[in-house]
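Student: I should like to learn how to read this model feature by feature. May we begin with its contacts and then proceed to its details?

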Amino acid sequence: AVRTKRREGHRRIASPSMPPLTTLPPNVETNVDALLTQCAQMCSPHAPPGESAIVAVLDAFFGFLDRRTDFFADPARAGEAVRAALAKRGGKDGAEAARAASARDEAIERRKAEEDAKLRARLAREQEEEAKRVERLRAKTLEMEMEKSKGKIVDVTDEDATAATSAANVDATDAPVAGGAGDGDEDDPHALQPGTMMPNRGNGGDAEKYSWTQTLDDADVRVSVPPGTKAKQISCEFTKNTFTFYVKSPDAANGRGEPVIEGEFFAPIAVDECYWTLEDGAVVNVFLQKQKGMLWWPHVLTCDPKIDVKKVEPENSKLSDLDGETRSTVEKMMYDQRQKSLGLPTADEEVKQNALKSFMAAHPEMDFSNCKFDGVPGGFNPGAST
């Protein structure tokens with residue numbers, strides 16, 4: 001009787017536009033009540049602290065829908081169904097609660113859409129900035145390669161390289177020794193800068209407690225530690241400008257065992273991109289990302305010996321290793337260098353000369369013998385044949 005009155009009350013309060021309540025036959029409703037009562041009794045002991053048994057029943061029911069049905073496959077549809085059920089069963093208060101829940105969901109969706117839009121815009125800006133940085137780096141690399149090579153970048157085969165090496169060895173053997181005993185080192189192109197040492201094969205150097213190598217963008221530091229050292233015994237800390245390294249030892253002063261390395265970096269590093277690894281319990285390899293790329297370091301720490309960066313030998317490049325656009329640019333620059341060394345016009349100057357010759361050939365009635373042409377080398381002869 002109570003359930004019947006409550007059901008009739010819901011029907012009176014419910015809005016005409018609201019979907020009708022599902023009406024079950026009395027015998028079915030009795031069986032459902034029995035099942036749900038049994039479910040409530042099983043779930044009640046597992047209710048969260050401070051919560052009623054209803055919470056556990058709802059969790060169990062929605063868990064069943066999640067595991068055994070596709071109810072949550074469409075979250076929006078699931079939310080609408082729950083709000084509709086709340087509105088139907090809760091009367092006027094339930095409808096208001098459902099509307100409030102719907103408004104909250106819409107606000108959350110709007111905020112999510114705004115955040116997604118901001119994220120996409122930020123990613124687009126970062127991609128654009130990265131593309132510009134890569135282009136600047138590419139241009140700088142090309143400029144430095146040309147400066148270093150001075151026309152020595154050539155597309156050679158292994159046979160050509162072997163022949164060239166043999167010829168160079170013969171020339172070095174037969175060449176006379178320049179200068180006498182009184183000549184100074186200042187005229188020797190192989191002399192090191194005062195206070196520096198020759199770079200190692202990795203374009204780095206050897207300090208008292210570590211060795212290092214480098215590229216234009218990063219540096220690798222290798223530190224030998226006592227065999228069997230564990231990673232937890234290593235203390236390796238770096239900030240943007242400083243470096244501290246030691247092996248933890250309770251027997252050493254202040255707990256800092258050898259090797260102890262401290263100092264300031266020659267130039268700032270990108271801390272977030274630096275890391276260290278322990279190899280075979282005997283060597284710690286520290287990777288340092290230079291904050292400012294395209295720069296050779298004379299030393300890692302300012303307190304250690306310097307190398308002569310003029311003796312750094314970047315890895316030779318071949319034209320075949322370059323992309324099409326870069327290769328065309330390098331070939332043109334190399335051609336212009338050769339032409340200038342021979343006193344001949346560059347590629348651009350040849351284009352201008354050919355254009356003038358074509359124009360003069362098309363107008364034989366005109367006399368160009370005493371003409372001066374802007375932007376054309378002085379050696380250009382209007383009367384010369386093509």
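Student: What share of the contacts with a separation of 6 or more comes from residues 24 or more positions apart?

Tutor: In this predicted model, such residues account for 53% of the contacts in the chain with a separation of 6 or more. The chain holds seven helices and ten strands. Of its 386 residues, 25% are buried.

Student: How should I read confidence, and which stretches have pLDDT under 50?

Tutor: Where pLDDT is low, the predicted coordinates should not be read in detail. For this chain the mean pLDDT is 77, and 73% of the residues reach 70 or more. Residues 151-156 stay under 50, and the model gives them 15 contacts beyond four places in sequence. The stretch 170-186 is also below 50, with two contacts in the model beyond near neighbours in sequence.

Student: Which residues touch the most other members of the largest nonpolar core?

Tutor: In soluble globular proteins, nonpolar side chains tend to be buried together. Here the largest nonpolar core has 29 residues, and those touching the most other members are Tyr-210, Phe-238, Phe-243, Phe-245, Phe-265, Leu-288 and Val-300. The elements giving two or more residues to this core are β4 (218-224), β5 (234-238), β6 (242-248) and β9 (283-289).

Student: What does Phe-238 touch, leaving aside residues up to four places away in sequence?

Tutor: With those left aside, Phe-238 touches Phe-243, Phe-265, Ile-269, Val-271, Cys-274, Tyr-275, Val-286 and Leu-288. Two of these partners, Phe-243 and Leu-288, are also named among the core members with the most contacts to other members.

Student: At what angle do α6 and α7 pack, and how is that angle to be classed?

Tutor: An angle from 65 to 115 degrees counts as roughly perpendicular. Helix α6 packs against helix α7 (residues 347-362) at about 80°, with the axes 9 Å apart, so the two helices are roughly perpendicular to each other. On the α6 side the contact is made by Lys-332, Tyr-335, Asp-336 and Gln-339, and on the α7 side by Ala-347, Asp-348 and Glu-350. By type, the residues of this contact comprise two nonpolar, one polar and four charged.

Student: Let us turn to the backbone. Which peptide bond is cis?

Tutor: The bond from Glu-258 to Pro-259 is cis, with omega near 0°. Pro-259 is placed in strand β7, residues 256-264.

Student: What is phi at Asp-280 and at Met-294, and are Asp-280 and Met-294 buried or exposed?

Tutor: Phi of Asp-280 is near 55°, a positive value in a residue other than glycine. Met-294 likewise has a positive phi near 55° and is not glycine. Asp-280 sits in the loop between β8 (275-279) and β9, whereas Met-294 is found in the loop between β9 and β10 (306-307). Their accessibility must be read separately. Asp-280 has 80% relative accessibility and therefore counts as exposed. Met-294, at 16%, counts as buried, because buried means under 20%.

Note on methods
Residues are numbered from 1 along each chain as its sequence is written. Side-chain values use heavy atoms; hydrogens and water are left out. A nonpolar core is a set of buried Ala, Val, Leu, Ile, Met, Phe, Trp, Tyr and Cys residues joined through side-chain atoms within 4.5 Å. Buried means under 20% relative accessible area, exposed over 50%, partly exposed in between (1.4 Å probe, protein chains only). Helices (H or I, at least four residues) and strands (E, at least two) are DSSP runs, numbered from the N terminus. Contact means heavy atoms within 4.5 Å. pLDDT is the predictor's confidence in each residue, from 0 to 100. Axes are lines fitted to C-alpha atoms, for helices over the stretch in contact, and angles run from 0 to 180 degrees between N-to-C directions. Angles under 35 degrees count as roughly parallel, over 145 as roughly antiparallel, 65 to 115 as roughly perpendicular and the rest as oblique. Ala, Val, Leu, Ile, Met, Phe, Trp, Tyr, Cys and Pro count as nonpolar, Asp, Glu, Lys and Arg as charged, and the others, Gly among them, as polar.
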